[in-house]
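Hi,

Here is the structure I promised to pass on to you. Have a look through it first, and then read my notes on the salt bridges below.

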Amino acid sequence: MSKVNSEELATKPIGTLLIKQAVPASIGILVMSLNILVDTIFIGNWVGSIGIAAINVVLPVSFFIAALGMAIGIGGSSIISRALGANNDKKALKTFGNQITITLLVTITMVVVGLTFIDQLIPAFGGKGDIFDPARIYYRVVLYGVPVLALAMMGNTVIRAEGKPKFAMVAMIIPSLGNLIMDYVFINILDYGMLGAAWATTGSYILCLSYIVWFFLSKNSELKIRFSDFGFDYEILKEIGALGFVTLSRQAIVSVTYLLLNNILFDLGGESSVATYAIISRMLMFALFPVLGVTQGFLPIASYNYGAEEYGRLRETINKAIGYASAVALIVFALIMIFPETIVSVFTQDAQVLRDTPSAMRWVFAAVPVIALQLIGSAYFQAIGKAGPALLLTLSRQGFTFIPLILILPQFYGEFGVWISFPLADILSTIITGYFLRKEVKTTLMVDEKSNQDIKAT
C-alpha cells in the first residue's frame with residue numbers, strides 16, 4: 001500500500017481526490033454494512049425474527065456509547081486536518097493524544113452505567129414480551145466490547161484526517177470479515193444462538209482495534225505521539241467537545257429515534273412491526289454506503305483546504321461532493337423502488353413481515369435522491385470547525401422534523417404515519433440545509449477567496 005502524504009489534499013485535482021477518498025470509504029462502509037446485513041440474515045434464519053428484533057433493541061444503547069468514540073474522533077480529526085493544513089504538527093499530535101485519553105475515560109464510565117441499568121434500559125428501548133430475553137443476552141456481551149469499538153472508530157477517523165483512506169478502509173473490512181466468520185462458527189456450527197452473535201460482534205471490535213494500533217505504530221502514520229501528548233490540553237478538549245458534540249447529538253437522536261420507533265411500532269403491530277423496522281434500518285445502513293462514502297471522503301479535503309485557506313478549492317469540493325453523492329443516491333433509490341420484495345425475502349420467511357415490509361421500505365426511501373445536500377451541507381460546517389451551524393443542521397432531520405412527525409402522524413394514520421415520516425423529514429431538512437449552505441458560500445467563502453486574491457495581487 002503506497003504511502004500518501006496529507007499535503008496531497010491541497011494539491012491534487014478535487015475530482016481525483018474525492019474519488020480517491022470516497023471509494024475506499026465507500027468500500028469500507030459497504031463491507032461493514034454487509035456484515036450487519038449478513039449478521040441479521042444469519043440470526044433471522046438460524047434464530048428467528050424475534051432475534052432480529054432483539055438486535056434492533058440493543059443497537060441504540062451500544063451505538064450511543066460507541067458514538068462517543070466517533071464523536072471524539074470526528075471532532076478531533078477536524079482539528080488535526082486543519083492543523084496539518086496549517087503546518088502545525090504539534091497541535092495535531094496533542095489533539096490525537098487527548099482523543100485517546102478522553103475516549104477511554106468516557107466510554108468505560110458509560111459501559112459501567114449501561115450494565116448497571118440493563119434491566120431498565122432494554123424494556124425502555126422496546127425489548128418487551130418475547131424480545132426481552134434474547135435482547136438481554138446480546139446486550140450484555142456486546143457492551144463489553146464497546147470501549148474497544150469506540151477507540152477503533154476514533155482511530156479510523158484520525159487515519160482519514162491524515163489523508164490515508166485505504167488504511168481506513170482496511171480497518172473497516174477486517175472486523176467485518178472476522179464477524180462473518182465468527183457468526184458462522186458460533187451460531188451455525190456451535191449453535192450458541194444470540195450469545196454466539198454477540199461474541200462474534202465483540203471479537204470483531206478487537207480485530208479492528210488491533211489493526212488500527214498497528215497502523216499508528218508503523219511508518220505509515222505521520223502522527224507519532226509522545227507520552228506527554230496524553231495529558232489534557234483544555235483548549236483542545238474544548239474544541240473537540242464542541243465539534244464532537246455535533247456527532248454525539250446526531251447519534252443520541254438516532255438512539256432516541258430507535259427507542260420511540262420500537263415502542264410505537266410494538267404498540268401498533270407487535271413484534272412483526274419491530275422486525276420490519278429492523279430490516280429497513282439495516283437497508284438504510286447498507287444501501288446508502290456510497291453516499292456516506294462521499295461524505296466521509298469530503299471531510300478531510302474540506303478541513304485541510306480550509307486550514308490552508310484554499311477557499312476556491314473548498315467551494316469546488318462542496319459542489320463536486322454534492323454532485324457525486326446525488327448521482328449515487330439516485331441509483332440507490334431506483335434499486336429500492338424496483339426490488340423491495342426480493343430484498344426482504346433474503347432476511348426472513350415470516351409471512352407477515354414479508355407482506356408488510358416492501359411497501360414500508362418504498363416509503364422510507366422515497367426522498368433518498370435529495371439527501372446528498374443535507375449530508376454534505378452539515379458535514380461541511382463540522383469540517384471547518386463551525387460547531388453551531390453543524391449542530392443545527394445535524395439535528396434538523398432527526399430532532400427537529402422526524403421525531404415530531406413520528407409522534408404526530410401515527411395518531412392519524414397508524415403505522416403508515418411512521419413510514420411517511422421518513423421522506424417528509426428528508427425533504428424538510430434538505431431545504432433547511434440548502435438555505436444555510438448557500439448563505440455560507442456566498443457571504444463567507446466567496447468573500448474570503450476574494451480577499452486572498454487581492455492580497456496575492458498586491
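A search of the whole structure, which is a predicted model, turns up nine salt bridges. Here are three of them, one pair at a time.

Start with Arg-82 and Glu-239, whose closest N and O atoms are 3.1 Å apart in their salt bridge. This pair links distant parts of the chain: Arg-82 belongs to helix H2 (residues 49-85), while Glu-239 belongs to helix H9 (residues 234-269), 157 residues apart. Are the two partners buried or exposed? Arg-82 has 15% relative accessibility, so it counts as buried. Glu-239, at 22%, counts as partly exposed.

Next, find Arg-136, which forms a salt bridge with Asp-119; here the closest N and O atoms are 2.7 Å apart. Because Arg-136 sits in helix H5 (residues 132-144) and Asp-119 in helix H4 (residues 118-124), the pair ties together parts that are 17 residues apart in sequence. Arg-136 is partly exposed, with a relative accessible area of 26%, and Asp-119 is partly exposed too, with 37%.

Then look at Arg-226 and Asp-229, whose side chains meet in a salt bridge at 3.6 Å, N to O. Arg-226 counts as partly exposed at 48% relative accessibility, whereas Asp-229 is buried, with a relative accessible area of 2%.

Enjoy exploring!

Best wishes

Key:
Residues numbered from 1 in each chain as written. Predicted model: local features only at pLDDT ≥ 70, side-chain atom pairs only at ≥ 80, totals over all residues. Heavy atoms only, no water. Salt bridge = Lys/Arg side-chain N within 4 Å of Asp/Glu carboxyl O. Helix = DSSP H or I, 4+ residues; strand = E, 2+ residues; numbered from the N terminus. Buried < 20%, exposed > 50% of the residue type's maximum accessible area, 1.4 Å probe, protein only.
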